[in-house]
Amino acid sequence: MKQVVQNYKSGELALLDVPVPGCKPAGVLVRTAYSLISTGTELMKVSEAGMSMVGKARSRPDQVAKVMQSVATNGVPATYRKVMGKLDSYTPLGYSLCGVVEQVGAGIDDVAVGDLVACAGNEHALHAELNWVPKNLYTPVPDGLAPRHAAFGTVGSIAMQGVRQGEPQLGEVALVIGLGLIGQLVAQLLTAAGVRVIGADPDPARCELAARLGAAACGDPASTTVAGAVAELTGGHGVDQVYLAAGGGSNQPVELAAQLCRDRGRVVDIGKCRLDLPWNAYYEKELDVRFSRSYGPGRYDPAYELEGRDYPIGYVRWTERRNLACFLDLLARGRVDVEPLISHIAAFDDAVETYRSLKDGELKAVAVLFRYPGPAEDTAEAQAPAPAVAVPAVRRGGADSFPARSAGAPVRLAFIGAGNYATSMLLPHLAQREGVELATVVTTTALSAANAQRKFGFAEATTDLDAVLGDKSVDAVFVTTRHSSHADLTRKVLLAGKAVFVEKPLALTGDELAGVLAAVEESGNDRLQVGFNRRFAPLLQDAKKRFGARTGPASLRYLVNAGRLQHGSWYLQQGTEGSRFVGEGGHFIDTASWLLDADPVSVYALASPGNEDLQVVLRYPDGSTATISYVTTGASGFPKETLDLIADGKVLKLDDFVRASVHDNSAKRWVSSRLPQARDKGQNAELAAFIRAVRTGGPMPVPLESLVATTAATLAVQAGLASGAPVTLERTR
C-alpha cells in the first residue's frame, strides 16, 4: 500500500510503498476514502523539516532540552547517533480520516466489515491507504453523512474540546483569534451553542468565510473593527471567552485576549502560539487561562487509546471518542457545515505535489482533502443512500370558493415587513395602482411601520400580527420579512383564509415546505404566490413568444453575476437565514423551468472553494438541461444576469433585462432593447397578475405545484453540495 511519509532530517516528502498493517485485536483495519490535511499542524511539521539544524533546534526548544539531558546521561557520541538516527527516518503524516472497515479484530462488536467509520490519531489515522485503528479512536458515521465531511471528525473534535474548555453559556460573547481550520470550526460550534462570535484574522477571505458561517463580526486584529464589535456586543465589558486558534511567533494574540476579555473571563489556548502572558494585564483582570489538549480526555493515555479502556461516562462525560461521535452528529444534523471550508480535494497520488503547493503558498487553503482510489471510495459513497429530495404533493382540502370582489370594491392589502425590497420594488407599484387599498403594515418596530405608513399611505400601522390575521376586510397579505420567517408566516396567513404573496424563498427546509402544504390541505386555501418575478418580465415574455414552441430538448445557460455581499449583511447569517443560493436561487430555477415549460427531475450542484461560486445543473423530463452559474467573484461592472436558450436551431439571448434577441437558422433575427434605467424584471406585471387573481377569484399566476417544485429544487442544491452527487427530485403522492 502507499503512505505519505517525511524525512525530518532532509525535509523529503514521499509517497512510499509500505506493508499493509496487520489487524490486531481491539481494533479494525480501515481502507481510507478521504483523509484531511491539517493546514496548521501538518504544514508546521513540513516547514520545520525544511529548516537547518539550527532552525530545527530553535523551533523545538523542548526537544533540545531532551537532547541535553541525554548528553548528560549517555554522552555526546551515543546521543548524536540516537538523534541522527531518529531524524534520518521516515515519519508519518495525518491524523483525521474517513474510510470503510475492511477487517475486524478480536473483541470488536460495534462495527462490521463494510461499515463507514471516522478515525483519529497521529499514529492510526494516517495519510495511508490502510490503517489499523484501535477501538476508542474510531466511531461509526451517521447515515447520510458524506464521507468527505466525516473526514473532518478529528479536527472537529479538537475544536469541540477547546470549546468545552471555555465552558460557554447561552447568550455569551466569544472572541476567536485565528480563523484557520480550527478557528472556523470553533466559531461554528460556539454559534450552534448560542454564543455570539467575533472573529479576528488578518486574512479578509477567512473573515468573510466566518461571517458567512454565522460569526457576528470579523476583522483584522490590527484594525479597530474587532475592538469596536466587542464594545458594541458586550456593552463595553469585554468578551466572556477568548479562543486562541492562531499559530506563529507573534505575541499579539495573547495581548489582544487580555485587552478584549472581560474581568475574570476565560482564555483558552487551542493552537500553538507564543504565550508570553503580560502579567499586569492578566493579573488585573484575574483571567482564567486554560489549555485544550487535543481531541479530549483519553489523549496520550495508552490504556485508553491502545488498550481500549473507556472512562466511565459518569466520571468523564466527553472522551476522545465521544467528542468524535458528537461532532459527526452535529455534521449529520446540519448544525455545523464543513463544505464551505473545503478549498481543494486532491487525488492521493498527488499528495507530495499538494504538500509542496501548500508549503510554497501556491495553494491557499483552509482545508484540503486527499481522495483515495479503489473500492473504499465506491463503498464509502454507496454507504449513504442515493441523494433524493421529496417534492411534496399538493393536496387541497375541502376548498372554499374564492369569489370575485364586488364591483368597484378595492382589493385591500396588508404587508408584514417593510424592508428595503418591499419599499423599493413592491410598494411603489402598488401605491399607484387603481383598485388597490393599502390597509395595514405590520413591522417588528413601531418606527419602521410609521415610516411605511407615511410614505405609501397605509391606513394603519401596527406591530400586532394577529390584528391583521383576524381582519376579515383584508383580502391578501404580503410577507416580505427575513427568510427564516417566510414559511411560518405563510402558513398562518393561509390558515386565516387570505391570499398570500410571499417573497422568495417560500421555505428554508423540507419540513417548512411540508408545513405550508399542510396548511393548504387543512384550510382548503391555495391562494399562494411566491415572488418569482423574472417570468413576468415583458422583455423575456416577448422573447419567449418569438422563440416559439420546441420540438426537441433544449440547453439553457444562466449566468448570475451576484457579486459579493457587504460585510454585516443579514444574508450572511446562514445559520438562521439559509444559504445565499437558497434565498435567491429560486428566481433562476423558476425562470429556467418557465422557459422550458416543465419542472426539474434532478439537480447536480458543484461549488468552488468556500462555496463562493456555484454551478447548478437541472435536468428536465424531456432531456432538456439548464445550467445556472451563480458566481460572486466576477467583475462588478459586468451585467448581473445573462441567459441563453438553445433548441431546434434557435437561440434566445437575454442581456440583463435590457436587451433580448432571438436567432434562427433562416438568418432571421429579432432584437429588442430598452434603456438600462428602464430595466424591468417583471415586478409590476407580477403584482398586476396577483391582484387580478385576488379580485376575480381566478387561479393564481403560477400554479402551486410549480412553486413547490422550484422550492424543492432550490433546497436540493444544498443536499447536492453535501453529497457530491446528483439529487433526484422525487414526487410524492
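Author: Happy to. Cysteine 98 counts as buried, with a relative accessibility of 0%. Keep in mind that this is a predicted model.

Reader: Which cysteine sulfur is closest to the sulfur of cysteine 98, and how far away is it?

Author: The closest one belongs to cysteine 119, and the two sulfurs are 7.4 Å apart, which is too far for a bond. The cut-off for a disulfide is 2.5 Å.

Reader: And how many disulfides does the count come to?

Author: The count is 0 disulfides.

Reader: Okay, what about cysteine 326, buried or exposed?

Author: Cysteine 326 is buried, because its relative accessible area is 19% and the limit for buried is under 20%. Cysteine 326 also takes part in a helix contact, on the helix 13 side.

Reader: Nice, tell me about that contact. How do helix 6 and helix 13 cross?

Author: Helix 6 covers residues 153-166 and helix 13 covers residues 320-332. Their axes come within 8 Å and cross at roughly 105 degrees, so the two helices are roughly perpendicular to each other.

Reader: Which residues make the contact?

Author: From helix 6 there are Gly153, Thr154, Gly156, Ser157, Met160, Gln161 and Arg164. Helix 13 brings Asn323, Leu324, Cys326, Phe327, Leu328 and Leu330. By class, that contact has 6 nonpolar, 6 polar and 1 charged residues.

Reader: Let's jump to another pair. What's the geometry of helix 23 and helix 25?

Author: Helix 23 (residues 580-596) and helix 25 (residues 704-723) have axes that come within 9 Å and cross at roughly 130 degrees. That angle makes helix 23 oblique to helix 25, and their crossing is right-handed. On helix 23 the contact residues include Phe581, Val582 and Ile589, while those on helix 25 include Ala713, Leu715 and Val717. The contact divides into 6 nonpolar, 5 polar and 1 charged residues.

Reader: Switching topic: where is arginine 266 found, and is it buried or exposed?

Author: Arginine 266 is found in strand 13, which spans residues 261-269. It is buried, with a relative accessible area of 11%.

Reader: Beyond its neighbours within four places in sequence, what is arginine 266 in contact with?

Author: Its contacts are Gly166, Glu167, Glu172, Asp240, Gln241, Val242, Cys261, Asp288 and Arg290.

Reader: Last one, the whole chain. What does the secondary structure come to?

Author: The chain has 25 helices and 32 strands. Buried residues make up 51% of its 733 residues. Among contacts with a separation of 6 or more, 69% are between residues 24 or more positions apart.

Methods
Residues numbered from 1 in each chain as written. Predicted model: local features only at pLDDT ≥ 70, side-chain atom pairs only at ≥ 80, totals over all residues. Heavy atoms only, no water. Buried < 20%, exposed > 50% of the residue type's maximum accessible area, 1.4 Å probe, protein only. Axes fitted to C-alpha atoms, helices over the stretch in contact; angles between N-to-C directions. Helix = DSSP H or I, 4+ residues; strand = E, 2+ residues; numbered from the N terminus. Parallel < 35°, antiparallel > 145°, perpendicular 65-115°, else oblique. Left-handed = near helix turned anticlockwise from the far one by under 90°. Contact = heavy atoms within 4.5 Å. Nonpolar A, V, L, I, M, F, W, Y, C, P; charged D, E, K, R; others polar.
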